[in-house]
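Work through the exercises below with the model open. Each task is followed by a stepwise solution.

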Amino acid sequence: MKVLLTGIAGFAGSFLAEMLVNEPDVEVHGVVHRHDRRIAHLAGRLHLHRGDLRNAVWVGEMVEQVRPDYALHLAAWSDVGGSWQQPWTTYELNIQCQLNLLEALRRWQPACRTLVVSSNEIYGLVTPDDLPIDEDTPFRPNSPYGVSKIAQDMMALQYYNSHKMPIIRARSFNHLGPGQADDFAASAFARQIAEVERGLREPVVRVGNLNAERDFTDVRDVVRAYWLLIQQGEAGLCYNVGSGTSHSIRWLLDTLLELTPASIKVELDPTRLRPSDVPRSYCDNRRLKQATGWQPKIDLRTALQDLLDSWRAQLARS
């Protein structure tokens, strides 16, 4: 069985790759655009294809060569806050790359079961009456990133409707874990704490809005949901991927501060505040559970400990 994984060197993609190489009778092919540091330890166990998904000719040649049985599309611009500074780049990467992939699959491997990873950001400005957010909650995007993910989600549905391609959509809520970039709140906190521990910065963690509540899941549980969905999900449907509970950003910070012996102050940094925010968001994940039997296995305290330890290890190497 051949599995094609775009974004294989990204945060979620690297964990998915590590899981898939241990699956029996699975040949893992991955698309790499820039670095492959996160998957260097898997060298020799992966078939890597270096190229740019914005290049339709290259994508077509790659898909023709691989002819995957499964394709999981994780490659994307994933920085919600950064999408305000670079909206067109966000649209270009998230829309054009997926279009080229689906067109190549339509031409060369239309029966390939494909998972398109969307985001909870498509729901945008949810109200208390919307909670928990199910798959029928209206789209009210409040960031350029959210708009780009709606386009990805609807494009996947259109290819299913128009071409009968077996495409499943995963609407992922927030995830975290070791190796996450510090564009995200928990990882930004963890990096600052690890730097304080090593004497690289003053004993202060600078933060944005701590009151927002989000649905957080360990990335290793998230990619397990992706693998279950591509095998057991119903083509044409969308599935929320999340824990079904919410935790505040303040809880993440407080938990990380409990995991360090250092005495650290907390200060508000206005530059970390987003143009818009939602007080509380969490998903209804019953459709995912009913289709696959998925349940999160890794508690958030463990996920945060692993995240902090990954920053400690990275700083120790630098």
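**Exercise 1.** Classify R312 by relative accessibility: buried, partly exposed or exposed? Then find its salt-bridge partner.

*Solution.* 
Step 1. Apply the cut-offs: buried is under 20% relative accessible area, exposed is over 50%, and partly exposed lies in between (1.4 Å probe, protein chains only).
Step 2. R312 has 22% relative accessibility, so R312 counts as partly exposed.
Step 3. Look for a salt bridge, that is, a side-chain nitrogen of Lys or Arg within 4 Å of a carboxyl oxygen of Asp or Glu. The side chain of R312 meets that of E197, at 2.7 Å from N to O.
Step 4. E197 sits in helix α5 (residues 185-197) and R312 in helix α9 (residues 300-317). The pair links distant parts of the chain, 115 residues apart. Helices are DSSP runs of H or I with at least four residues, strands are runs of E with at least two, and both are numbered from the N terminus.
Step 5. Check the partner. E197 has a relative accessible area of 29%, so E197 is partly exposed.

This is a predicted model: local features need pLDDT of at least 70, side-chain atom pairs count only at pLDDT 80 or more, and totals for chains, interfaces and linings use all residues. Residues are numbered from 1 along each chain as its sequence is written, and side-chain values use heavy atoms, with hydrogens and water left out.

**Exercise 2.** Which elements hold R287 and E135, and how many residues apart are they?

*Solution.* 
Step 1. Confirm the contact: the side chains of R287 and E135 form a salt bridge, 4.0 Å from N to O.
Step 2. R287 belongs to helix α8 (residues 286-292). E135 lies in the loop between β5 (113-119) and α4 (144-163). The separation is 152 residues.
Step 3. R287, at 26%, is partly exposed. E135, at 9%, is buried.

**Exercise 3.** Which residue forms a salt bridge with R220? Is that partner buried or exposed?

*Solution.* 
Step 1. The partner is D218, with the closest N and O atoms 2.7 Å apart.
Step 2. D218 has 0% relative accessibility, so D218 counts as buried. R220, at 25%, is partly exposed.

**Exercise 4.** How many salt bridges does the structure hold, and which residues are linked in a network?

*Solution.* 
Step 1. The count is 20 salt bridges.
Step 2. The network links D182, R191, E195 and R201.
Step 3. For the setting, the protein chain has nine helices and 13 strands. Of its 318 residues, 53% count as buried.
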